[in-house]
Amino acid sequence: MSLAHTAAEYMLSDALLPDRRGPHLKGLRLELPLDRIVKFVAVGSPLLLMSLAFAREFSSGSPISCFSPSNFSIRQAAYVDSSCWDSLLHHEQDGPGQDKMKSLWPHKALPYSLLALALLMYLPVLLWQYAAVPALSSDLLFIISELDKSYNRSIRLVQHMLKIRQKSSDPYVFWDELEKARKERYFEFPLLERYLACKQRSHSLVATYLLRNSLLLIFTSATYLYLGHFHLDVFFQEEFSCSIKTGLLGDETHVPSLITCRLPSLSIFQIVSLSSVAIYTILVPVIIYNLTRLCRWDKRLLSVYEMLPAFDLLSRKMLGCPINDLNVILLFLRANISELISFSWLSVLCVLKDTTTQKHNIDTVVDFMTLLAGLEPSKPKHLTNSACDEHP
């Protein structure tokens, strides 16, 4: 009897989680994995393409090559290149005596537009960091701590029940007290459940999350409009006719009216434009998927923690519309599952519970650990029959 009691005590002691105090959750993930991927791609790809554009500009020297007349000196040719790059205006004849001009400024603004795009895509990240992360961090710290503590309380409760059973000489008294405690709901710790139920009526986190992803979609749409309206118009414009007959050179007869210039960096311009369209086209379904995850509950995570006393959000059908702060918190609990030490233990107990439900009435971790400790989770039948015989 003492050997079995000692073995049960060792088993329950091993099942207890270590007491984690201090800065034990410094590695808390406050961004979902897909959100982090979207952030790195949406912000990093414009910066990478910008570096490509600058590298091409620095390696090739002049970004423009104009075909100056043969009688121009080197300084005059350099002036033509500089003047045409500053203006970037394409002159073409639209009719007899009519001169039509088209600006090619997107070529000059390419690196800076990519920098502006990166800063624009980083604004939703800043919004999340300052508007949601402080509250989310405190919520996760409390909930993770309480989930592990609730598990430990259940194990300590079974240890206490085992000690009482060993000290009790009359088994009837022990089982009567145990059934009374269950009837009075002494084994339940409803603080966490009520806190999570309150989170269903809160919408600050989910509103910030929806705003973050909505802004990403809006900025992506604006990027499409910019590329389609400005870049597409000059996408194939490698050569253009430049006029330098302005100012003091306006009356010079030896200066031709139009000079043909070429843009050697057109291939880089095309690569950057096509790459931007492809990257953000891939990101759009990911962002939409992030939004659709708010339309359903992570019931697997909740079903595992149904093993804890007074954690029956599913069985009591307390879950309503999933678009609330509780659903966001559940998504981040799933992302921080490595911080939930109790999850692995409860997952194992859930699997074992499914194999023993036909033989025993097991609802919580208290019932299962009671059974593993050598105690029946409910009053044995022979004691029940004896009590019925004594009180017909």
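A: Helices (H or I, at least four residues) and strands (E, at least two) are DSSP runs, numbered from the N terminus. This is a predicted model, in which local features need pLDDT of at least 70 and side-chain atom pairs count only at pLDDT 80 or more, while totals for chains, interfaces and linings use all residues. Residues are numbered from 1 along each chain as its sequence is written, and side-chain values use heavy atoms, with hydrogens and water left out.

Q: What does UniProt place at Asn71?

A: UniProt positions are given in the numbering used here, feature names are shortened, and annotations may be inferred rather than shown by experiment. An unreviewed UniProt entry gives "glycosylation site" at Asn71.

Q: Is Asn71 buried or exposed?

A: Buried means under 20% relative accessible area, exposed over 50%, and partly exposed in between (1.4 Å probe, protein chains only). Asn71 has a relative accessible area of 53%, so Asn71 is exposed. In the protein, 43% of the 392 residues count as buried.

Q: How should I read the sheet that holds S1, and what is its strand order?

A: Strands of a sheet pair through backbone hydrogen bonds, either parallel or antiparallel. Two strands pair if DSSP finds at least two bridges between them. Here three strands form an open sheet in the order S1-S5-S4, with antiparallel pairing. Strand S1 (65-66) and strand S4 (239-242) are the edge strands, each pairing on one side only. S1 and strand S5 (residues 259-262) are joined by two bridges, and Cys66 stands opposite Cys261 in S5.

Q: Which residues does the annotation "transmembrane region" cover?

A: The unreviewed UniProt entry assigns it to residues 109-128 and 268-291. In the model, residues 109-128 are 100% helix and 0% strand, with the end C-alpha atoms 30 Å apart. Residues 268-291 are also 100% helix and 0% strand, and their end C-alpha atoms lie 34 Å apart. The protein has 14 helices and five strands.

Q: Where is confidence lowest and where is it highest?

A: pLDDT is the predictor's confidence in each residue, from 0 to 100. The protein averages 78, and 69% of the residues score at least 70. Helix H8 (residues 204-231) has the highest confidence, at a mean of 94, and helix H14 (residues 381-390) the lowest, at 47. Over residues 387-392 pLDDT stays under 50. For that stretch the model has one contact (heavy atoms within 4.5 Å) beyond four places in sequence.
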